2 protein chains.
Amino acid sequence: MRLTKYTDYAMRLMIYLASRPSGLSSIREISDAFSVSQNHMMKVVQDLANAGFLESVRGRNGGIRLAQPASEISLGVLLRHTEELTDLIDCEGCLIAPACTLPIVLSEATAAFVSVFDKYTLADLIGRRSALVALLGFKAEDRADGSAL
Amino acid sequence: MRLTKYTDYAMRLMIYLASRPSGLSSIREISDAFSVSQNHMMKVVQDLANAGFLESVRGRNGGIRLAQPASEISLGVLLRHTEELTDLIDCEGCLIAPACTLPIVLSEATAAFVSVFDKYTLADLIGRRSALVALLGFKAEDRADGSAL
């Protein structure tokens, strides 16, 4: 069982933005941090911006940031947006599809899966924030107001 | 979110065998029914036979059948065998892996997913058995004792 690369990149992106002490991030620095192509990350950013999860500030010193505090971003809402949660098995063209009840079990199991994500917010993914800050190489000057962490 | 083709084929195979009024099935007829290559289906059959889910009878009139009644085959046990239920996201090489708590959420969500499968047996997947029998084209002579359905 696998989640898509799209969800993977979206989760990394959101964790990155939530971990940043403050200020804006560039797609380039996020792509570099995760060794993901800028082109792929750009698509994820545009989609999550369109969906209202993050906002972009234009201009020379522009960049992206979370649209809401991490504690207000439900992982269940995020997962429902990034992941196709139907069709865990491709029944298209299967001879027994009209009488098979496996989709009912799959649907119930998927609902149970997502309900666990519903219990958590993005803030729960950055519980080890000082370690994340160190791993991502954020520094005090990343703060918009220039103050120390 | 997707399950593997392997689980897909294994589920179809098990539903096929559970739906059959009685007697043995050949890999060829199962492959034909689901338009799956015999080579792929052969691998699934060998693996599920090795794992004790089905048994094969050798010889000219040989074939395969379930090793236990469908009502005794747990879908959770079957899924745990056919599906890799760790690493829903590939964290290998990810910069933040040492501090990221997403795997904890994924693990809890996966356990909730499998616990739904644990509630059901293969017999629950053939609740619409007469429709399955018709779709699969089974006839009364498929019964080992030759009696009518």
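This is a predicted model: local features need pLDDT of at least 70, side-chain atom pairs count only at pLDDT 80 or more; totals for chains, interfaces and linings use all residues.
Reader: What does the C-alpha trace of chain A span along its principal axes?

Author: Chain A has 149 residues, and 35% of them count as buried. Take the contacts between residues at least 6 apart in sequence: 67% join residues at least 24 apart. Along the principal axes, the C-alpha trace spans about 65 × 30 × 25 Å.

Reader: Which kind of axis relates chain A to chain B?

Author: A rotation of 180° superposes chain A on chain B, with an RMSD of 0.0 Å. The shift along the rotation axis is 0.0 Å. That is the relation of a two-fold axis.

Reader: What percentage of the contact residues of chain A recur in chain B?

Author: A rotation of 180° superposes chain A on chain B. The same surface serves both copies. The share of contact residues of chain A that recur in chain B is 100%.

Reader: Which helix gives the largest share of the side of chain A that touches chain B?

Author: In the contact between the chains, 42 residues of chain A meet 42 residues of chain B. On the chain A side, α1 (5-19), α2 (27-34), α5 (102-118) and α6 (129-136) each supply at least two residues. The largest share is 10 residues, and it comes from α5(A).

Reader: How many nonpolar residues are on the side of chain A that touches chain B?

Author: Sort the residues on this side by class. There are 4 polar and 9 charged residues. The nonpolar residues number 29.

Reader: How far does α5(A) reach from its first C-alpha to its last?

Author: The helix α5(A) has 17 residues. At 1.5 Å a residue, the expected span is 24 Å. The reach in the model is close to that, at 24 Å.

Reader: How wide an arc do the buried residues of α5(A) cover around the axis?

Author: The buried residues are A:Leu102, A:Leu106, A:Ala109, A:Thr110, A:Phe113, A:Val116 and A:Phe117. Their arc puts them on the same side of α5(A). That arc is only 110°.

Reader: Which elements do the buried residues of α5(A) pack against?

Author: The packing involves both chains. Chain A supplies one partner, α4 (75-82). From chain B come α1 (5-19) and α5 (102-118).

Reader: Which residues touch the most other members of the largest nonpolar core?

Author: In soluble globular proteins, nonpolar side chains tend to be buried together. The largest nonpolar core here has 84 residues. Those that touch the most other members are A:Leu13, A:Met14, A:Ile15, B:Leu13, B:Met14 and B:Ile15.

Reader: Which residues is A:Met14 in contact with, leaving aside its neighbours within four places in sequence?

Author: A:Met14 is among the core residues that touch the most other members. Set aside the neighbours within four places in sequence. The contacts of A:Met14 are then A:Phe53, A:Leu78 and A:Leu122.

Reader: Where is A:Asp87, a residue with a positive phi although it is not a glycine?

Author: Most residues other than glycine have a negative phi. A:Asp87 has a positive phi of about 55°. A:Asp87 is partly exposed, with 14 other C-beta atoms within 10 Å. Its place is in the loop between α4 and α5 of chain A.

Reader: Does B:Ser35 count as buried or exposed?

Author: B:Ser35 lies in the loop between α2 (27-34) and α3 (38-50) of chain B. Its phi is positive, near 50°. B:Ser35 has 9 C-beta neighbours inside 10 Å, so it counts as exposed.

Note on methods. Residues are numbered from 1 along each chain as its sequence is written. Chains are lettered from A and ligands numbered from 1 in the order in which they are written. Copies are superposed by least squares on the C-alpha atoms of residues with pLDDT of at least 70 in both. Two residues are in contact if their C-beta atoms, placed from the backbone, lie within 7 Å. Helices (H or I, at least four residues) and strands (E, at least two) are DSSP runs, numbered from the N terminus. Ala, Val, Leu, Ile, Met, Phe, Trp, Tyr, Cys and Pro count as nonpolar, Asp, Glu, Lys and Arg as charged, and the others, Gly among them, as polar. The expected span of a helix is 1.5 Å times one less than its number of residues. A residue is buried if 20 or more other C-beta atoms lie within 10 Å of its own, exposed if 12 or fewer, and partly exposed in between; C-beta atoms are placed from the backbone. The arc is that of the directions from the helix axis to the C-beta atoms. A nonpolar core is a set of buried Ala, Val, Leu, Ile, Met, Phe, Trp, Tyr and Cys residues joined through C-beta atoms within 7 Å.
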